[in-house]
Amino acid sequence: MTTVENTGNRRLSAEELEAFGAEMDAIRQRIVADLGEKDSAYIYDIVKKQRAFEIAGRALFYLPVIGWVPAVACLSISKILDNMEIGHNVMHGQYDWMGDPDLNSRMFEWDNVCPSDQWKYSHNYIHHTFTNVLGKDRDIGYGILRMDEDQKWHPYFLGNPIYAFLLMIFFEWGVAMHDLEVENLVAGKRTFADNAELHRGLMKKVKRQALKDYVLFPLLSGPLAPLTFVGNGVANLVRNIWAFNIIFCGHFPAGVASFSQEECEDETQGHWYYRQLLGSANITGGRIFHIMSGNLSHQIEHHLFPDLPARRYPEIAEEVREICSRYGLAYNTGPLHQQLWGVFKKICRYALPDRKRPAAEGVGAAPALEGVAA
Amino acid sequence: MALDLGGRILRSRTVAALASPHGIDRYLTQINPMLAAHEVRARITDIHPEVSAPGAPRVATVTLQPTSTWRGHRAGQHVTVGIDTGEGRRTTRVFTVSNTEGKAGEPLTITVRAHDDEHATPYSISKYLTERATVGTLVHLSQAEGDFVLPDRVPEHIILISGGSGITPVMSMLRSLQRRTHRGKVTFLHWAPSADRQIFADELEEIRHQGHGVDLHLLHTGDGAPYLSPALLEKLVPGYREVPTWACGPASLIEAAQAAYVGTESLKVEYFKPPKTAGVAGGEMEFARTGKTVANDGATILDQAEAAGLTPESGCRMGICFSCTTNKSSGRVRNVLTGETSELPDEQIRICVSTPEGDCSVDL
């Protein structure tokens, strides 16, 4: 396990945790009290732009030859905005306070194959509550990859880089299948009957998405149908690759800590904040980059305050950073290439069995070996 | 015809499939909010003050031109109204449609009394409508709902009873009866605090003068008029218990009416505010998601959650709009509108009209 010590961070005392939690609560309260016109105008503007990109993308396919590349670009942007800055954030309830059913976490459905209600359970509840708790957070390796040394090695994991590559290519399908808990099915911890309901919901959504992108819009473009078909596929692919890269930079770069279930028993609010902070990593970049990443480039702030509107994360980030420095805690951030490199190394390293460490040794017993990731 | 064809295309399954998952209305609204295939929106075309007596809350009748998707309303029905009242927030409340029953796409009116609403920020929707809204303001509507309506064949003699703002559905009924040229007899009893706070005063005066089978009694309690009682009803309408009656008003009036008609099936009622009757205090109210637990004080779960500092989603606060529907994982709750209790685990309940009875846990 990449324990807190392994990441070069220190443990906070109970009093420190309480004070740390109180400072985070104060940020939260201040932002909640300030929510208003600017936040609603922002998200309405993003929605408007997303719809415009979508319509432009669909329309440009009618322009033979020269229209194709811009069409794919527009549709990719539309899908990325829809899934990330709008979908992911709306489904976190970030805009529920506006009282607009179109932007309500319970009603929103996004433009990919994963049904929103299934995603909300595995993401909002399981992942955000048990972030980086081994054995609890199914987002650690998504049940496919080995991303932590406490996941027992098996020859299967030699394929780690290949699985990661495939997951990237088919990311929306990976996210959708995630809820079926295939790994638990294989392990016999879950039955096909448990999945019947989920499977029905999933198939319904898959059919709708496929009908739109791979049947109706291609048919509507008449003789250009094959080009539209391929174009829609490429737009989905671009979104998959982009989302995978942004999301993998959120929890798997070097220096991100994981936690044992024992550490998190009867957890205080302060420790929850502490765990969210040390279990997440940011990506630096410009304004457009942050919007296109759904502000998940501020994964730390997102994990501290998952239901605050994402446009607030950049302003919160400065405060969080300052608080971290006072408590002597690392604030994990870096440019995209650096964070991706860290993720890539982890994927490759955990493909191989652990070096030197005797199997009998307990949890978190090998801090010296972890230096590789630093 | 052309419009109708357009509407049929927009509502077709093909268009729905193309616009999936957001729906065609999400695109149409970007062009013009008054274009819709399924949803109902409206623009305010007139705001007419009804009461502006000094010291009394303002009352206004707001006329709305709905999108072509509005399916019309029957006299006595209500509609959920959502308005962006500022600070990026949309407030949603339920109002009775006050004009004569109308067909699809026809204008409708709602009559609104301004009152404060601690749960709506920055303005209560009634204050916004009576003080700040202007002609042209966009309004989000539901379809007309509710079964507090006149039957298609109206009995020979009916009684209409209303109190305060509860006059609105009854007024819609009265107006519709007049348009339908109902030949029978209508006894209309209305309670208001005083004459200068009387909504629709001029129109009622006209109805009184015209007669036409309407026996009108305006009872102003501030001027010493008696309150609703079996004796009063018997005096005004001998044998009233056999006469089909519609009553709408505050909880006290409805309860008095129910007592007067107990044992009969003549009475249909509509609250315009849910009864404030507190439930039974005792036990623990747990909000499982936020991990908060409070002592159950007998108030609705919504009120208790808000008192505990939570901000659950809510709309009408009277059990109509279902915005506040929440999963109750365990415990027994009472529906304050019907008095029914239920204790099924993992049940979807409207927390605005549910009070816990003993220990209760909800996913908030």
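Modeller: Let's start with the ground rule for pairing: two strands pair if DSSP finds at least two bridges between them. Keep in mind that we're looking at a predicted model.

Colleague: Okay, so what makes strand 3 and strand 4 of chain B a pair?

Modeller: The requirement is at least two bridges, and strand 3 (residues 78-86) and strand 4 of chain B have eight, in the antiparallel sense. Therefore they count as paired.

Colleague: Which residue of strand 4 is the bridge partner of D84(B)?

Modeller: In strand 4 of chain B, D84(B) has R90(B) as its bridge partner. Helix 4 (residues 125-132) of chain B packs on the sheet, where it touches strand 2 (59-66), strand 3, strand 4 and strand 5 of chain B. Its direction is at about 75° to that of strand 3 of chain B.

Colleague: In what order do the six strands of that open sheet in chain B run?

Modeller: The order is 4-3-6-1-2-5, with antiparallel pairing.

Colleague: And what makes strand 4 and strand 5 of chain B edge strands?

Modeller: Strand 4 (89-96) and strand 5 of chain B each pair on one side only. From one strand to the next, the twist averages 40°.

Colleague: Moving along chain B, how many residues of domain 2 are in contact with domain 3?

Modeller: Domain 2 of chain B puts in 15 residues, against 13 from domain 3 of chain B. On the domain 2 side, strand 1 (40-51) and strand 5 (108-113) of chain B each supply at least two residues. That side of domain 2 of chain B divides into six nonpolar, six polar and three charged residues. The C-alpha centres of domain 2 and domain 3 of chain B are 24 Å apart.

Colleague: Which helix gives the most to the side of chain A that touches chain B?

Modeller: Some context: the contact takes 19 residues from chain A and 14 residues from chain B. Helix 2 (37-60) and helix 8 (192-220) of chain A each supply at least two residues of the chain A side. Helix 2 of chain A gives the most, with five residues. By class, the chain A side has five nonpolar, three polar and eleven charged residues.

Colleague: How do you know that helix 10 of chain A is mostly covered?

Modeller: Of the ten residues in helix 10 (residues 269-278) of chain A, eight are buried. Among them are H271(A), Y274(A) and R275(A). The buried residues of helix 10 pack against helix 1 (14-34), helix 12 (299-304) and helix 13 (313-327) of chain A.

Colleague: Why does N132(A) count as buried?

Modeller: N132(A) has 26 C-beta neighbours inside 10 Å, and the cut-off is 20 or more, so N132(A) counts as buried. N132(A) lies in the loop between helix 4 (116-129) and helix 5 (160-169) of chain A, and its phi is near 60°, a positive value in a residue other than glycine.

Colleague: What about D346(B): buried or exposed?

Modeller: D346(B) has 9 other C-beta atoms within 10 Å, while exposed means 12 or fewer, so D346(B) is exposed. D346(B) also has a positive phi, about 45°, although it is not a glycine. Its place is the loop between strand 15 (341-342) and strand 16 (347-350) of chain B.

Colleague: One more: what makes the peptide bond from S20(B) to P21(B) cis?

Modeller: Omega of that S20(B) to P21(B) bond is near 0°. P21(B) is in the loop between helix 2 (13-18) and helix 3 (25-31) of chain B.

Definitions and conventions:
Residues are numbered from 1 along each chain as its sequence is written. Chains are lettered from A and ligands numbered from 1 in the order in which they are written. This is a predicted model: local features need pLDDT of at least 70, side-chain atom pairs count only at pLDDT 80 or more; totals for chains, interfaces and linings use all residues. Domain bounds come from an automatic or database domain assignment. Two residues are in contact if their C-beta atoms, placed from the backbone, lie within 7 Å. Helices (H or I, at least four residues) and strands (E, at least two) are DSSP runs, numbered from the N terminus. Ala, Val, Leu, Ile, Met, Phe, Trp, Tyr, Cys and Pro count as nonpolar, Asp, Glu, Lys and Arg as charged, and the others, Gly among them, as polar. Axes are lines fitted to C-alpha atoms, for helices over the stretch in contact, and angles run from 0 to 180 degrees between N-to-C directions.
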